[in-house]
Amino acid sequence: MLDDILIKQLLLTHDPDGRRLDSETMLHAVGNIMFHASTIVVASNLYSACFQKNDISEIETLGSCEPIGYIITKIRKILCKCCREGDTNPKIMSLFDLIGKYSWDAKVVLVLAAFAAKYGEFWQLMELYPGNTLAVLISRVKLMPCNLRPLQLQIKALSLLVKTMMDVAMCIIKFESLPFQHVGQGNDIFHVTKSLIYEAVYWITRSCLACFSQVMDFTTKKYDQVYSDSSIIAAWELSSLAYKLSDICSILRGQVDLCQEEIERNLYDRLLNLDCEDHIDNQKVLTLFFPSKNYLPLKDCSRQVKLGLSELKNKEVLFFISKPHLHTMEEIFLMVQQTSDHPLNERLRESYKIVWVPLPSSDTWTDAEENSFNFLSDFLPWYAVRRPGELSSAVVRYIREQWNYKDEPIMVALDSNGKVTNYNALDMIKIWGGLSYPFSASKEVELWQDQNLTMQLLLDGVNPLLAYWVEQGKNICLYGSVNMVWIQQFNDKITELKLAGLQLETIYVGNSLSQLGEDVKIVKNIMAGSGEINLSDPLSFTNVQLFWLRLESMRRSKLRLGRTPSSDQILEELSVLLDMTDREENWAVIGSGSSNDVFRLQGVQVMEFLRNCSEWGELSGAQRNFLDPTFLAGSCTHSYLVPSRENERPSQGTVICQVCKRPMKKFVVYQP
């Protein structure tokens with residue numbers, strides 16, 4: 001244990017001014033140098049072969065006017081001076097004076113980085129020697145040993161100490177990254193842990209000084225000194241420091257775990273009370289979800305830029321929560337199309353932001369999940385949690401328990417004040433895109449209100465050409481089957497009708513995704529054949545998948561709002577299309593533009609209907625005579641009263657007339 005006087009001296013040098021360093025990334029870079037230094041092959045740059053960034057100076061710092069490489073160089077110069085004879089503590093304190101403006105975790109990684117530069121340089125020369133002429137010349141100039149075998153004991157102790165320093169440094173970084181705002185004042189656990197942090201920082205710095213001195217000794221020892229007792233004494237000194245730090249690491253790791261458990265409990269309680277609190281903006285709420293010390297917890301995937309939570313201030317925030325590998329590429333494409341590529345996105349660009357929050361299937365991340373996240377987050381046009389593995393277990397638990405996340409993607413909407421307005425806006429966005437703004441649950445109800453089954457609803461957003469057809473009010477026929485014989489008969493009949501002057505655009509959409517399975521190849525062949533005979537089929541296979549994904553979203557949205565097929569025409573028709581059990585079922589849906597007069601045909605009805613079209617010459621309301629003998633031509637005067645209570649909104653949704661089988665117009669009648 002350090003005496004009180006030494007700790008007070010250490011604390012006197014600590015004067016942080018808010019500057020920040022990405023300590024964990026820096027430590028990984030240092031570790032790559034430390035642990036792989038002896039395996040370096042020829043490289044023009046010491047660092048480029050060791051870690052992803054080309055230079056330690058590229059690691060981001062905030063609030064510092066000096067480049068990180070310059071700080072490391074100054075520390076290295078002080079370490080060189082400290083290797084001379086004399087009292088160790090004053091030298092260490094002079095080093096802490098230099099880095100006094102940094103946090104404790106930043107101090108540690110900066111000192112380690114300065115030693116790593118010297119350590120890596122030594123091992124690089126040893127690796128290149130004697131096969132590289134330049135390395136041989138440099139080694140001779142620096143009087144470096146040609147044979148390391150007599151130094152094996154010393155090198156082994158040095159390697160052990162390096163590993164132990166890295167372990168302790170990781171504990172310090174973990175503690176410093178904890179959100180301390182969730183800790184009560186005067187907590188004994190944190191008081192004890194902080195004392196251990198001060199001690200650990202001191203002994204890591206002292207160990208770095210000893211290691212630096214040892215590496216420098218390698219270049220100055222004469223031949224007889226290599227075989228003397230001095231090497232054994234040096235190895236013993238390094239081993240003693242390693243054991244000292246190992247004991248500190250064991251105690252510190254347990255204390256940091258206790259601190260984290262205490263914070264997790266407090267944080268979960270805070271999250272549970274979110275709905276009871278009012279906020280002037282969303283910043284306080286968002287800081288509960290992300291580590292407070294992680295000053296840039298987000299990244300803009302499209303620009304690969306690190307971002308702070310202030311980027312989300314005064315904006316609607318959509319948390320897109322899913323597994324790291326998402327689902328299919330078609331689902332990703334549909335989401336991107338309905339958000340970033342939606343016509344309204346330009347106007348809404350600064351009004352809301354989507355933040356991807358990937359959660360692993362288990363408590364720990366697998367390599368496959370990490371690789372998937374890194375790949376997808378490089379091209380998605382949204383924001384993403386930069387280090388999802390650092391999300392608090394309390395936050396993950398809250399998402400799973402309170403937001404009901406069950407490994408299927410959801411999109412939770414928060415308003416500009418951080419209040420949850422919709423626990424799953426995903427289906428609404430897939431259906432309406434930018435029209436869903438501000439993505440609240442009440443907006444979803446509003447969008448469905450007075451919405452009828454139309455071609456515009458079924459085809460919106462699937463393909464630009466379809467949108468044009470709908471806008472022009474053209475007659476459109478969606479059809480599907482995997483029966484090649486029937487498809488040929490259908491195509492022949494449509495060709496005949498078009499030659500006779502019938503205005504009808506046909507679109508082949510196969511079968512629902514749940515029924516597609518092994519029929520993918522058949523569907524693609526049918527689509528290719530339809531294109532060859534010029535039947536105006538503008539959909540790619542991807543578009544077909546998007547079509548069915550939207551229909552599935554519509555059904556889920558309806559069911560979530562409590563609708564049933566028996567009382568909702570849209571839900572009834574969607575359910576029939578999505579749940580066809582016969583893989584060779586033949587069907588068609590016919591309608592035009594935004595007209596409510598959309599009807600479905602199945603089996604033999606389709607061809608029978610097309611044969612009758614030859615007699616009618618055009619599509620009109622008379623088609624209903626074919627489908628339902630009870631259909632009434634012209635206007636229907638049948639009315640149906642839906643009673644409502646005082647202060648209660650009128651009934652929503654579409655009501656089908658029991659006489660003419662058409663959607664009924666809605667009127668409000670007030671009783672005096």
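**Close-up views of a predicted model**

Figure 1. Cys-211 counts as buried, since its relative accessibility is 0%. The model shown here and in the other views is predicted. The cysteine sulfur closest to that of Cys-211 belongs to Cys-208 and lies 6.3 Å away, too far for a bond. A disulfide would require the two sulfur atoms to be within 2.5 Å. Searching the whole structure gives 0 disulfides. Cys-477 is also classed as buried, at 1% relative accessibility.

**Figure 2. Leu-458 in the largest nonpolar core.** This core holds 79 residues, and Leu-458, Leu-459 and Leu-478 are the members that touch the most others. Helix 23 (residues 541-560) contributes 6 residues, the largest share of the core. Beyond its neighbours within four places in sequence, Leu-458 contacts Leu-453, Leu-478, Phe-547, Arg-550, Leu-551, Met-554, Leu-574 and Val-589. A further core of 78 residues lies apart from this one, and its members include Leu-10, Met-93, Val-111 and Phe-122. In soluble globular proteins, nonpolar side chains tend to be buried together.

**Figure 3. A nonpolar surface patch is formed by Met-329, Phe-375 and Phe-379.** Together the three residues present about 330 Å² of accessible area. Phe-375 belongs to helix 14, which spans residues 367-376. With a relative accessibility of 54%, Phe-375 counts as exposed, the cut-off for that class being over 50%.

Figure 4. When residues up to four places away in sequence are set aside, Ala-242 touches Leu-160, Leu-161 and Thr-164. Val-162 is 80 residues from Ala-242 in sequence, yet their C-alpha atoms are 8.1 Å apart in space.

**Figure 5. The protein chain as context for the close-ups.** The chain has 26 helices and 13 strands. Of its 672 residues, 50% are buried. Contacts between residues at least 6 apart in sequence join partners at least 24 apart in 74% of cases. The chain exposes about 32,500 Å², of which carbon and sulfur atoms supply 51%.

Key
Residues are numbered from 1 along each chain as its sequence is written. This is a predicted model: local features need pLDDT of at least 70, side-chain atom pairs count only at pLDDT 80 or more; totals for chains, interfaces and linings use all residues. Side-chain values use heavy atoms; hydrogens and water are left out. Buried means under 20% relative accessible area, exposed over 50%, partly exposed in between (1.4 Å probe, protein chains only). A nonpolar core is a set of buried Ala, Val, Leu, Ile, Met, Phe, Trp, Tyr and Cys residues joined through side-chain atoms within 4.5 Å. Helices (H or I, at least four residues) and strands (E, at least two) are DSSP runs, numbered from the N terminus. Contact means heavy atoms within 4.5 Å. Patches are made of residues with over 30% relative accessible area and no salt bridge: like charges are joined within 9 Å, nonpolar side chains (Val, Leu, Ile, Met, Phe, Trp, Tyr) within 5 Å. Accessible areas come from the Shrake-Rupley method with a 1.4 Å probe; for residues, only the protein chains shown count as cover. A salt bridge is a side-chain nitrogen of Lys or Arg within 4 Å of a carboxyl oxygen of Asp or Glu.
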